[in-house]
Amino acid sequence: MEIRKAGLEDLKEICELGYQLSLDMSALEPGYFAVAEQREAPMRQAVLEETKDIFLAETAGKIVGFACVWQSEPKPEENYLVPGKFAYLSDLVLLPESRGMGIGSALLAACKNWARERGIFRMKLDSLCKNEVANHLYEREGFRPVVQTMWAEL
């Protein structure tokens with residue numbers, strides 16, 4: 001297994017994996033998340049911009065997962081947050097048959113190193129409460145819940 005940065009030539013496969021993420025999210029919370037094609041434009045932007053990156057996990061020449069990370073900081077209206085840069089992990093997805101083999105941890109390590117190289121020492125992510133497998137990975141990798149988003153049907 002190899003972890004590498006994505007290039008524009010990888011966009012088609014990244015979007016296919018993004019579709020897998022929408023399948024996973026919809027299966028866990030069908031009332032809130034729809035199955036949707038991954039739009040190419042944000043993935044292209046992540047590949048091209050200096051403050052964003054996508055890391056790919058490749059096994060036997062096949063892309064089996066990716067993680068998208070970018071540099072962020074609190075918005076002016078978020079003056080209640082501690083100031084300073086942080087890394088935001090917007091996506092981490094693996095093909096179902098590639099889960100449980102340490103690939104998610106390897107992708108997270110690449111994203112953490114990316115952040116440290118930029119002088120960033122905090123990372124944020126969002127994860128579905130029902131995504132117990134991913135949440136277990138994140139907690140094992142040093143993440144902890146801070147904010148919980150709640151919804152109500154009216």
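Select Cys-129 to start: at 56% relative accessibility, this residue counts as exposed. Exposed means over 50% relative accessible area, buried under 20%, and partly exposed in between (1.4 Å probe, protein chains only). The model is predicted: local features need pLDDT of at least 70, side-chain atom pairs count only at pLDDT 80 or more, and totals for chains, interfaces and linings use all residues. Residues are numbered from 1 along each chain as its sequence is written, and side-chain values use heavy atoms, leaving out hydrogens and water.

Go to Cys-15. This cysteine is buried, at 12% relative accessible area. Searching the whole structure for disulfides (cysteine sulfur pairs within 2.5 Å) gives zero. Cys-15 is in none; its nearest cysteine sulfur belongs to Cys-68, 11 Å away.

Now select Ile-54, Phe-66, Leu-89 and Tyr-138. They have the most contacts inside the largest nonpolar core, which has 39 residues. Such a core is a set of buried Ala, Val, Leu, Ile, Met, Phe, Trp, Tyr and Cys residues joined through side-chain atoms within 4.5 Å. Color α3 (103-117), one of the elements that supply at least two core residues each. The largest share, seven residues, comes from α3. Helices (H or I, at least four residues) and strands (E, at least two) are DSSP runs numbered from the N terminus.

Stay on Phe-66. Leaving aside residues up to four places away in sequence, its contacts include Ile-14, Met-43, Asp-91 and Leu-107. Contact means heavy atoms within 4.5 Å.

Finish at Ala-60, in the loop between β2 and β3. Ala-60 is exposed, at 85% relative accessibility. Check its phi: about 50°, positive although Ala-60 is not a glycine.
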